[in-house]
Amino acid sequence: MGYGRPPHILKTMRYKKDISVNIEIGDTYIDTVEVEFILWKENSGEGHYEFWGFTGVDEGQDYYESDSYEWDKSLYTDEQNKEIEEYLESRFDHILQKINKEL
């Protein structure tokens, strides 16, 4: 189907989500952390195209992407923040999939 094009950004937004982290450090147990994601909405469609004389429209599918997030680090120690960061990094794709299902 044609040459395609990269997805285009439709809108950006901030989205807060409670993430279950289940982190235990010493006597402290952290169950959930409120994380704010910076999201942008994209579309995977190619739009109008022509292929061997046939024309069509690929409307694609809307989805959200993110490459940054933040939480209130003042609520946690340096060691806890490090553990939270590692947890979020290791599960980032899975968390983003859940966000896409919710939105």
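Two strands are taken to pair if DSSP finds at least two bridges between them. Strands (E, at least two residues) and helices (H or I, at least four) are DSSP runs, numbered from the N terminus. The model is predicted: local features need pLDDT of at least 70, side-chain atom pairs count only at pLDDT 80 or more, and totals for chains, interfaces and linings use all residues. Residues are numbered from 1 along each chain as its sequence is written, and side-chain values use heavy atoms, with hydrogens and water left out.

Strands S3 and S4 form a hairpin with 2 residues between them. Trp52 sits in the turn and has a positive phi of about 50°. S3 spans residues 47-51 and S4 spans residues 54-58. Their pairing is antiparallel, over 5 bridges. Tyr49 has Gly56 in S4 as its bridge partner.

The largest nonpolar core has 21 residues. Such a core is a set of buried Ala, Val, Leu, Ile, Met, Phe, Trp, Tyr and Cys residues joined through side-chain atoms within 4.5 Å. Buried means under 20% relative accessible area, exposed over 50%, and partly exposed in between (1.4 Å probe, protein chains only). Ile19, Val33, Val35, Phe37, Trp71, Ile84 and Leu88 have the most contacts inside the core. Two or more residues each come from strand S1 (8-25), S2, strand S5 (62-70), helix H1 (78-90) and helix H2 (92-102). Beyond its neighbours within four places in sequence, Ile19 is in contact (heavy atoms within 4.5 Å) with Asp31, Thr32, Val33, Val35, Phe37, Tyr87, Leu88 and Ile95.

Glu36 belongs to strand S2 (residues 28-43). It counts as buried because its relative accessibility is 16%. Its side chain makes a polar contact with the side chain of Arg14, at 3.1 Å. A polar contact is a pair of N or O atoms within 3.5 Å; within protein, one must be able to donate a hydrogen and the other to accept it, and residues adjacent in sequence count only if both atoms are side-chain atoms. Neighbours within four places aside, Glu36 is in contact with Arg14, Tyr15, Lys16, Ser68, Tyr69 and Glu70. The C-alpha atoms of Glu36 and Lys17 are separated by 6.3 Å, with the residues 19 apart along the chain.

His94 lies in helix H2. At 46% relative accessibility, this histidine counts as partly exposed.
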